[in-house]
Amino acid sequence: MFERFTKDARAVVEGAVGYSERAGAEAVDEEHMLLALLDREGSRGSFALASLGATGQRDSVEEALAETRRRGGLSRAETEALSGLGIDVSEIVSRVEEAHGVGALEAGKRGGAGRRSGRRPFAQGAKETLTQSLRLALARQERHIGDEHLLMALTVRPGVLAEVLADHGVTYETVTRVLYGDGEAKAG
């Protein structure tokens, strides 16, 4: 599949690996891919993000992702569903952090031991995002996978990233409208 990736898509994947390493994560996940997308300039994906105002909201995106990590990766919808069952996630997070320190529920961090050298694995969600980007490119009858396909894949996969992106005006519909749509400015 990687032979179909454009230089921009490859740069996003490489950037995601870098974010994973700097965060001390055990694997590359979708959040790392989003952060690498937000770093891009001069690509179709960066054009879409800039057109939708997301690049100017990077701090807000990062804060939303940090809050989600603090909740153990639960989306707002999952938190609300638990609340409907009488489970106060904020209270649980507070108690766990009181006992074990801030960030105790964050998943994907490695322990104190060093990581062996070699390729950094991709988490299941990141693998599914890459697969979804291929499906989206094929559905549009495009021969290559660009960073715009990675962005679109992040918006269609249910979960935290799609929720955070939607909160910042980035949905599958808005991205496709900017890139392909209705007589508005299009990325070249």
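Tutor: Let's start with Gln141, which comes after helix 7 and has a positive phi, near 60°. Helices here are DSSP runs of H or I with at least four residues, strands are runs of E with at least two, and both are numbered from the N terminus. Before we go on: this is a predicted model, where local features need pLDDT of at least 70 and side-chain atom pairs count only at pLDDT 80 or more, while totals for chains, interfaces and linings use all residues. Residues are numbered from 1 along each chain as its sequence is written, and side-chain values use heavy atoms, with hydrogens and water left out.

Student: Okay, why point out a positive phi?
Tutor: Most residues other than glycine have a negative phi. Gln141 is a residue other than glycine, yet its phi is positive.

Student: Where is Gln141, and is it buried or exposed?
Tutor: Gln141 is in the loop between helix 7 and helix 8. Its relative accessible area is 72%, so it is exposed. The cut-offs are under 20% for buried, over 50% for exposed and partly exposed in between, using a 1.4 Å probe and protein chains only.

Student: And which residues of helix 7 are buried?
Tutor: Gly125, Ala126, Thr129, Leu130, Gln132, Ser133, Leu136 and Ala137. They lie on the same side of helix 7 because they cover an arc of only 165° around the axis, going by the directions from the helix axis to the C-beta atoms. Arg135 and Ala139, on the other side of helix 7, are exposed.

Student: What do the buried ones pack against?
Tutor: Helix 1 (7-23), helix 2 (30-39), helix 8 (147-156) and helix 10 (172-180). Contact here means heavy atoms within 4.5 Å.

Student: New topic: how do helix 4 and helix 9 cross?
Tutor: The axes of helix 4 (residues 58-70) and helix 9 (residues 160-167) come within 10 Å and cross at roughly 145°. Axes are lines fitted to C-alpha atoms, for helices over the stretch in contact, with angles from 0 to 180 degrees between N-to-C directions.

Student: Which residues make that contact?
Tutor: Helix 4 brings Val61, Ala64, Leu65 and Thr68, and helix 9 brings Val160, Leu161 and Val164.

Student: Last one: what about Ala50?
Tutor: Ala50 is in helix 3 (residues 44-51). With 44% relative accessibility, Ala50 counts as partly exposed. Its C-alpha atom is 9.0 Å from that of Leu38, 12 residues away along the chain.
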